[in-house]
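User: I'd like to learn how to read a model like this one. Can we go through it feature by feature?

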Amino acid sequence: MPDELLDRLRRFHDDAFPQYQSTFRLLVDDGQHPTTLFIGCSDSRLVPYLLTGTGPGDLFLVRNVGAFVPPYDGYVDDPRDASGVDAPRGRTQLEAARRWVGYHGTAAAIEYAVLQLQVTRIIVCGHSHCGGIRALYGDVAPEARNLAQWLELGREATLPVAEPGAEVLRRTEQRAVVLQLERLMDYPMVRERVERRQISLHGWHYVIEDGVVLVFDVQRGEFIAASAAEHAGTGPYHHYDDPAAPAAP
Ligand SMILES: [Zn+2]
């Protein structure tokens, strides 16, 4: 029985790899030095290399459902647990209402990219028609325990409607991107470098059907088409070359 996937692997080695062989050789000999951490949704229609015109060695990629950033300290506030909870010994009621949500490969990738690879840009890229965002307004299969928990990382971005239309979903997708940028700033190694202007944060919303990346402009508080934007969407915590900006300490 033909195995199409196996055929593709063989074709990669025979047809595609020779064009990249010297590039990969260099990346092995010198190691990888990507300057960009790209946190994107796992959606198959989001192809980071296509969007950014990059190739091997350029992007340190981490992808998950929704392009979410887990909290640095491993906990999320869970008001549902706040009532009627007997605080376990040694924990306050408030602490008991915070839920442990670690371990997270995404959190580990952020720490590695910043501390080890010393990236200078972190992109959070959501997109149109995101199933993860849509799921925030519906039910998740009961056996999908991990997915249900994971989706809570986007909960704050939702709007108070029962049945979201296209506009609400688009706004939620964009609000979720901003929420993740804010959560990134809770990582001490990220905050420190953003404040020193060694790292810039970029919030993107990719509109699949139009081939347009909307970039978050913190000063205007909105997402702007890349064709009309003045920069690649740095925000919400500054850092682009603004001559009027005060010098970094
Ligand atoms: Zn998605």
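User: Is His-127 buried or exposed?

Analyst: Some ground rules before I answer. This is a predicted model, where local features need pLDDT of at least 70, side-chain atom pairs count only at pLDDT 80 or more, and totals for chains, interfaces and linings use all residues. Residues are numbered from 1 along each chain as its sequence is written, and side-chain values use heavy atoms, with hydrogens and water left out. Now the general idea: buried means under 20% relative accessible area, exposed means over 50%, and partly exposed is in between (1.4 Å probe, protein chains only). His-127 has 1% relative accessibility, so it counts as buried.

User: Which residues coordinate the zinc ion?

Analyst: Donors are N, O and S atoms within 2.8 Å of the metal (3.2 Å for Na, K and Ca); water is not among the atoms, so sites may look incomplete. Here the zinc ion is held by Cys-41 through SG, His-127 through NE2 and Cys-130 through SG, at 2.0 to 2.3 Å. Along the sequence, these donor residues follow the spacing C-x85-H-x2-C. Cys-130 is buried too, at 5% relative accessible area.

User: How do I read the sheet, and in what order do its strands run?

Analyst: Strands of a sheet pair through backbone hydrogen bonds, either parallel or antiparallel. Strands (E, at least two residues) and helices (H or I, at least four) are DSSP runs, numbered from the N terminus, and two strands pair if DSSP finds at least two bridges between them. In this model 6 strands make an open sheet, ordered E2-E1-E5-E6-E7-E8, with mixed pairing. Strands E2 (59-64) and E8 (222-225) are at the edges with a single partner strand each, so one side of each has no neighbour in the sheet. E1 (residues 36-41) pairs with E2 in the parallel sense over 6 bridges, and Phe-38 has Leu-61 in E2 as its bridge partner.

User: What about salt bridges: how many does the count come to?

Analyst: Look for a side-chain nitrogen of Lys or Arg within 4 Å of a carboxyl oxygen of Asp or Glu. By this rule there are 10 salt bridges. One of them joins Arg-170 and Glu-167, 2.7 Å from N to O. Both sit in helix H7 (residues 166-184), 3 residues apart, about one turn of the helix. Arg-170 is partly exposed at 31%, and Glu-167 is also partly exposed, at 43%.

User: Which residues are linked in a network of salt bridges?

Analyst: Glu-192, Arg-193 and Arg-196 are. Glu-192 is partly exposed at 37%, whereas Arg-193 is buried at 19%.
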